[in-house]
Amino acid sequence: MRFRGIERVAEWFGGAVPAEAVWERWLHSEVVRAFELGRLTPEEFAERFLAEFELGVPADTLLAELEPWVGGPLDGALELLDELAGRYTVACLSNTNPLHWPRMAASFGGRFDRAFVSCETGLLKPDPEAFRHVWQELDLAPGEIVFFDDARLNVEAARALGLDAARARGPADCRAELTRRGLLAG
């Protein structure tokens, strides 16, 4: 997925905090975690997030700006999913929130056989329970799953549980890894 928007939050700091620092803070925020676990409504999230980050923008402004952070799939993603369809069970394991998931799901047009999203399951990567939930629901052994993620921490967590996991920054990396494993023709 294309993901954009943290730069706008950085702007609300008046240029005093670089976007990378805001992103790091976002990733470690307990309020963001609660939202992505489905424990907060968007309105509750906005109020708590603005207080935590000490930002003086209205909650409705944050929510209006937050929703379109998720863009469309990366180039080649839909084609790769179409190529895998019918040959393999294609599932999505995503840390996301109730504002972003509907946009994400729509952009993939039903190409996932199953979707495991944190705001619905109440489970987040890299927590082991998130991965266990997937293999139990799919009735697969961990070693039967090929898992791709752009975050090193998630890949390491999956490997520690016995999944065949690789870091992939986009569809080309996924395609290369699937080809290397003999799951796609080269």
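**Helix packing and selected polar contacts**

Helix α6 (residues 77–84) and helix α11 (residues 171–180) pack with their axes 9 Å apart and at an angle of about 30°, axes being lines fitted to C-alpha atoms, for helices over the stretch in contact, with angles running from 0 to 180 degrees between N-to-C directions. That angle makes α6 roughly parallel to α11, where angles under 35 degrees count as roughly parallel, over 145 as roughly antiparallel, 65 to 115 as roughly perpendicular and the rest as oblique. The contact is made by Ala77, Leu80, Glu83 and Leu84 of α6 and by Pro171, Cys174, Arg175 and Leu178 of α11, contact meaning heavy atoms within 4.5 Å. Helices (H or I, at least four residues) and strands (E, at least two) are DSSP runs, numbered from the N terminus.

The model is predicted, and local features accordingly need pLDDT of at least 70, side-chain atom pairs count only at pLDDT 80 or more, and totals for chains, interfaces and linings use all residues. Residues are numbered from 1 along each chain as its sequence is written, and side-chain values use heavy atoms, with hydrogens and water left out.

Within α6, the residues Ala77, Leu80, Leu81 and Leu84 are buried, buried meaning under 20% relative accessible area, exposed over 50% and partly exposed in between (1.4 Å probe, protein chains only). These four residues cover an arc of only 100° around the axis, which puts them on the same side of α6; the arc is that of the directions from the helix axis to the C-beta atoms. The buried residues of α6 pack against α7 and α11, and just after the helix Gly86 takes a positive phi of about 85°.

A buried face is likewise found in α4 (residues 42–52), whose buried residues are Pro42, Phe45, Ala46, Phe49 and Leu50. Seen down the axis of α4, these residues fall within an arc of 120°, so they line one face of the helix. An α-helix has 3.6 residues a turn, so residues three or four places apart point the same way. On the other side of α4, Glu47 and Ala51 are exposed, whereas the buried residues of the helix pack against α1 (6–12), α2 (19–28), α3 (30–36) and α5 (59–66). The helix is followed by Glu54, whose phi is positive, near 55°.

Ser29, in the loop between α2 and α3, counts as buried at 2% relative accessibility. The side chain of Ser29 makes a polar contact with the side chain of Glu52 at 3.0 Å, a polar contact being a pair of N or O atoms within 3.5 Å of which, within protein, one must be able to donate a hydrogen and the other to accept it, and residues adjacent in sequence count only if both atoms are side-chain atoms. A polar atom of the Ser29 side chain also lies 3.1 Å from the backbone nitrogen of Val32. Leaving aside residues up to four places away in sequence, Ser29 touches Glu52 and Phe53.

Ser94 lies in strand β1 and, at 10% relative accessibility, counts as buried; with residues up to four places away in sequence not counted, Ser94 touches Met104, Phe116, Val117, Ser118 and Lys125. Asn95, by contrast, is placed in the loop between β1 (91–94) and α7 (101–108) and counts as partly exposed at 26% relative accessibility. The side chain of Asn95 reaches the backbone nitrogen of Lys125 at 2.9 Å.
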